[in-house]
Amino acid sequence: MNCEGFENVVNDLAREQIMEATLREEAIHHSADCQRCAERFRDELQLTNDLRHFADQVRHASVSASIEASLLSQFGSHLGLRTIPPQVPLKTSNRYLFYAAPIAAVLLILAGLIAIRFRSREEALPVQTAALNADTPGSQNPPVNATDSRASGHIAPVKKLKSAPGKLSKVKGSRTTVAVEVAKLVAVNIPEVTTDFIPIGYSTASNVQEGGQLVRVELPRSTMAQFGLPVNMERYDERVKADVWVGADGLARAIRFVQ
Amino acid sequence: MKSYENLSDGELFRLMRAGDETAFATLYRANHARIYRFAVQMCGSRTIAEDVTQEVFLILIRGAEGFDSTRGPLSAFLYGVARNQILRRLRRERFYVALDANDHSQNKPAALEDPTRAETIESVRKAVLSLPERYREVVVLCDLEELSYAECAEILGCAVGTVRSRLHRGRTFLIEKLRPANEQTETEVKTARCFA
């Protein structure tokens, strides 16, 4: 081995690294023969020794415990902030949630709308049935009694209806039951002064229960006289509003006058 | 109960990523000392070394995106992160001079027992710190931390031959610096190898 070869291996030799046995022997032989290489080898050994002393001094140095505590708290807070790294199954579940959430929201809205609709229908039905089928056939007080009315010529007192829409008021007179309920349907917000319903022809309670509709008409004021109502002769030629109850068969069953 | 001490670094890292705090604590206790030593020997300041150690493990907490267990051990990755942090700190603070020169003194009782040895160690420390960074890191890793050439090459991201040549050059610099002043003027270290 020459000096150049020795220079290549002197580090490993001084640091006691694993190397080929023959190469090691040659290097040691060369250092024994060459004074310059021997000095070089000695310097390297000294440096290795000094570095080991230095390393030993620092070997047991350690970070203060507060840093570990700080890092552990950081780890805990980081766990709170981050989500677990998304794996494949988690991704699919996230995707499922991504699509399921809007669908669930739409379904909830639809269910709410349906519920509101049903509720409003349920509220409307009793009013209609009360209006159209106010009394049962076995009722003791039929709503319209044509013969009595016509025969006695009794005119029901004019009532002022101030009912709020959608609310049922308490029915006082059995005779005026239908009239009141129908009037409630007609009277939206504006209070009207009306007479009771006066039966036309030979209407009975059963005729009225068959159903029908209320038609607002305008008639000559003289018509009131035909039903036995008092007419102001000064306003004889004026027209007057009236509600005609038209039965299911298309025939007028009752009438009332509106002021 | 799991025996965390028997788990490899890769397994501990996986558990840590899943939120296991004990796995992180085990990883920290297994690796923090060497990272801290590397930082102390590289920059000579305990304060900076503690900052660097903390930063390295904070990066680990935040996910350690660059770590691939198939490419190498976790310790090599941590050394690499520490090295980048140290170089960044050194470049940032190269314009400043430390007022407290005794920041490095770690074992004063021992130094008082053997003044000559303490003096030698201090001179070695200064010589190591005066090395250019590229030689210093190789000397620290191979001589002080006693890592193999391959491990050092993995940490530094260079070839084994590069590590060998840098170590050779670094040690030569150290010998020159540690040679007594009178001896240094008489005989210059002349090597038969060209380091260009």
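R15(A) is a buried residue, with a relative accessibility of 5% (buried is under 20% relative accessible area, exposed over 50% and partly exposed in between, with a 1.4 Å probe and protein chains only). The model is predicted, and local features need pLDDT of at least 70, side-chain atom pairs pLDDT 80 or more, while totals for chains, interfaces and linings use all residues. Residues are numbered from 1 along each chain as written, chains are lettered from A and ligands numbered from 1 in written order, and side-chain values use heavy atoms, without hydrogens or water.

Over all chains, the structure contains 21 salt bridges (a side-chain nitrogen of Lys or Arg within 4 Å of a carboxyl oxygen of Asp or Glu). One of them joins R15(A) to D143(B), with 2.4 Å between the closest N and O atoms. This contact runs between chains: D143(B) lies in helix 7 of chain B, whereas R15(A) occupies the loop between helix 1 (3-14) and helix 2 (21-33) of chain A (helices are DSSP runs of H or I, at least four residues, numbered from the N terminus). D143(B) is likewise classed as buried, because its relative accessible area is 8%. R15(A) and D143(B) also belong to a network of salt bridges that links them with E7(A), R40(A), E44(A) and R171(B).

Another salt bridge is formed by the side chains of R179(B) and D43(A), with an N to O distance of 3.2 Å. It too crosses between chains, from the loop between helix 9 (160-178) and helix 10 (181-186) of chain B, where R179(B) is located, to helix 3 (residues 35-59) of chain A, which holds D43(A). R179(B) has a relative accessible area of 12% and is therefore buried.

Within chain B, the side chains of E122(B) and R125(B) meet in a salt bridge at 3.1 Å, N to O. Both residues are in helix 6 (residues 115-130) of chain B, and because they are three residues apart, about one helical turn separates them.

An exposed residue is provided by L107(A), which has a relative accessibility of 53%. L107(A) is situated in helix 5 (residues 88-132) of chain A.

How values were computed:
Helix = DSSP H or I, 4+ residues; strand = E, 2+ residues; numbered from the N terminus.
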